[in-house]
Amino acid sequence: MKKLYLLALLLLGFCSCTNNQETVDKGEINSVETRSVEVKSVRDYIESDEFISIIPDEYYALRQKGKMSEEEMKAADYQMKAAAYRFYKHCTMDDKGFITCNVTSGAELKISEEVFEFRLRDMKGWNEMIEGNIRDGARYKVIRIDDERYLNGLLNYK
């Protein structure tokens, strides 16, 4: 049962962004500069085929420090979901649950190399977990990332 929960938690990691409240380091003044940001939906990013230049490490650092307005956070969340959609749309999954990415660079998907590498690391972690489950003889359920329900969940994220 623990393995099933671990799988569910890992899947949440695949979906990237969470909707946590902004946090501020102790002693730091929360000075979020209000900037007008165009917030497009995940679907808008996918349908426009616009290049997604977000850099995950910078995004998470700014988000954790409370340095993003709500609009900026929402726009960045949608970009992360759109990048995940583009990545997983080009992946396959075998019957054991191993994921294979069928592209070699972020440029092919019109996403930054940083977000492409971020997704590759997630995929590698997933595959290592599946490998460990098989090695340990653990029972687990494969959660498909290469079907329309999963991809539509990303596409319609709000």
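Colleague: Which way does α4 pass α7, and what makes the crossing carry that name?

Modeller: In this predicted model, α4 passes α7 in a left-handed crossing, a name given if the near helix is turned anticlockwise from the far one by less than a right angle, with right-handed standing for clockwise. Residues are numbered from 1 along each chain as its sequence is written, and side-chain values use heavy atoms, with hydrogens and water left out. Local features need pLDDT of at least 70 and side-chain atom pairs count only at pLDDT 80 or more, while totals for chains, interfaces and linings use all residues.

Colleague: How do you know whether α4 and α7 are roughly parallel or roughly antiparallel?

Modeller: The two helices pack at an angle of about 155°, with their axes 9 Å apart, where axes are lines fitted to C-alpha atoms, for helices over the stretch in contact, and angles run from 0 to 180 degrees between N-to-C directions. Angles under 35 degrees count as roughly parallel, over 145 as roughly antiparallel, 65 to 115 as roughly perpendicular and the rest as oblique, so α4 and α7 are roughly antiparallel to each other.

Colleague: What makes the pair K89 and E148 a salt bridge?

Modeller: Their side chains meet at 3.8 Å, N to O, and the term asks for a side-chain nitrogen of Lys or Arg within 4 Å of a carboxyl oxygen of Asp or Glu, so the pair qualifies.

Colleague: Why is K89 called partly exposed?

Modeller: Its relative accessible area is 38%, which lies between the limits of the scale (buried under 20%, exposed over 50%, partly exposed in between, with a 1.4 Å probe and protein chains only). E148, at 45%, also counts as partly exposed.

Colleague: How far apart in helix α6 are E128 and K124?

Modeller: They are 4 residues apart, and are therefore separated by about one helical turn. Their side chains meet in a salt bridge at 3.9 Å, N to O, and K124 is exposed, with a relative accessible area of 53%, whereas E128 is partly exposed at 46%.

Colleague: Which residues touch the most other members of the largest nonpolar core?

Modeller: Of its 37 residues, F87 and Y88 do, a nonpolar core being a set of buried Ala, Val, Leu, Ile, Met, Phe, Trp, Tyr and Cys residues joined through side-chain atoms within 4.5 Å. The largest share of this core, 10 residues, comes from α4, and among the other elements that each supply at least two residues are β1 (91–93), β2 (99–101) and α7 (148–155).
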